[in-house]
Amino acid sequence: MTTPPALLIAGHGTRDDAGAEAFRDFVRQLGARHPELPVAGGFIELSPPPLGEAVTELVEQGVRRFAAVPLMLVSAGHAKGDIPAALAREKERHPGISYTYGRPLGPHPALLNVLERRLDEALGSAGRTPGDRADVTVLLVGRGSTDPDANAEVHKAARLLWEGRGYAGVETAFVSLAAPDVPSGLDRCVRLGARRIVVLPYFLFTGILPDRVRHQTEGWAAAHPEVEVLSADVIGPEPELLDLVWERYEEAVKGDLRMNCDSCVYRIALPGFEDKVGMPQQPHFHPDDDDHHHHGHHHGAHSHAH
């Protein structure tokens, strides 16, 4: 039986010691969960250990094949460019190794459920119940990027979080590099009629940027006492996150890098759309298709072929 490829976790990096330690601890938890294969993790920038050191650690254990999973919510410059470049460099540095590259975590339903839990916790801390959602507006705050595709991913997460969960609305803001910033996002919520807002950081672990989100939220709230503003916690090293990284590892190992099946209503029971799971889809003809060239949406249980 062939040895399964090792697992390499690629992190973004942070100047915050607690955030960096949270990543390192997460890698240790993954290793404890999967003693059957070597697990290592490193950062692209800002904090130790660097990704190259993690690769060396695996090679020194005799690893020749590994799957790299970016521990990132959106596919921005790091996931698209920096990590592949770093891995290519390591391949030159360690002749004979091979690797596959997994996809970022994305707005996976499991993570949306954790975000929903963070919102419930924030409401609960203020004496509210999940039943109060109809007058709760959520401001989902992403890292922010110069890559519009990465920023669009945060909007996608916001929309998926809103669908079927009963919140008054889910708006989007960014803590750096992209508009709207947190105060502008809160202003927008109020213009849309919000009287109770929960600011939800779209971050995996604690760090400088999530702290900045909370500080900016508190500053805005102090200037707007007529609006109830609550801050939710980051996602954190939840079992769902450990499961999802393993799912991304298995995809990479099998070469099963699908399109967007994670949030497909025909595959996953999303809130309010549970009846669509496994529903067979009929091919449809688009009025603009010349000569009846058609494309089918095969979402059925046995014909899902994204």
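Visitor: Which residue of β2 does Leu 8 stand opposite?

Guide: In this predicted model, Leu 8 stands opposite Ala 40 in β2.

Visitor: How do you know that β1 and β2 are paired, and which way do they run?

Guide: Pairing requires at least two bridges between the strands, and five bridges join β1 to β2, so the pair meets the criterion. The two strands run parallel.

Visitor: What makes β2 largely enclosed by the rest of the structure?

Guide: Five of the five residues of strand β2, residues 39–43, are buried, so the strand is largely enclosed. Val 39, Gly 41 and Phe 43 point one way, whereas Ala 40 and Gly 42 point the other way, and all are buried. For the protein as a whole, 48% of the 306 residues count as buried.

Visitor: Which residues touch the most other members of the largest nonpolar core?

Guide: Leu 7, Ile 9 and Leu 71 do so, in a core of 52 residues. Leaving aside neighbours within four places in sequence, Ile 9 is in contact with residues including Phe 23, Val 27, Leu 30, Ala 40, Leu 71 and Val 245. There is also a second, separate core of 18 residues, which includes Val 55, Val 59, Met 72 and Ile 83.

Visitor: Why is the pair Asp 25 and Arg 28 called a salt bridge?

Guide: The closest N and O atoms of Asp 25 and Arg 28 are 3.8 Å apart, and the cut-off is 4 Å, so the pair qualifies. Both residues lie in helix α1, three residues apart, which is about one turn of the helix.

Visitor: What makes Asp 25 partly exposed?

Guide: Buried means under 20% and exposed over 50%; the relative accessibility of Asp 25 is 34%, so this residue counts as partly exposed. Arg 28 is partly exposed as well, with a relative accessible area of 47%.

Visitor: Why is Arg 133 called buried?

Guide: Arg 133 has 11% relative accessibility and therefore counts as buried, given that the limit is under 20%. Arg 133 forms a salt bridge with Asp 120, the closest N and O atoms being 3.2 Å apart. This pair links distant parts of the chain, with Arg 133 in the loop between α4 and β5 and Asp 120 in helix α4, 13 residues apart.

Visitor: What ties helix α4 to the loop between β8 and α8?

Guide: The side chains of Arg 117 and Glu 238 meet in a salt bridge, at 2.6 Å from N to O. Arg 117 lies in helix α4 and Glu 238 in that loop, so the pair ties together parts that are 121 residues apart in sequence.

Conventions:
Residues numbered from 1 in each chain as written. Predicted model: local features only at pLDDT ≥ 70, side-chain atom pairs only at ≥ 80, totals over all residues. Heavy atoms only, no water. Core = buried A, V, L, I, M, F, W, Y, C linked by side-chain atoms within 4.5 Å. Buried < 20%, exposed > 50% of the residue type's maximum accessible area, 1.4 Å probe, protein only. Contact = heavy atoms within 4.5 Å. Helix = DSSP H or I, 4+ residues; strand = E, 2+ residues; numbered from the N terminus.
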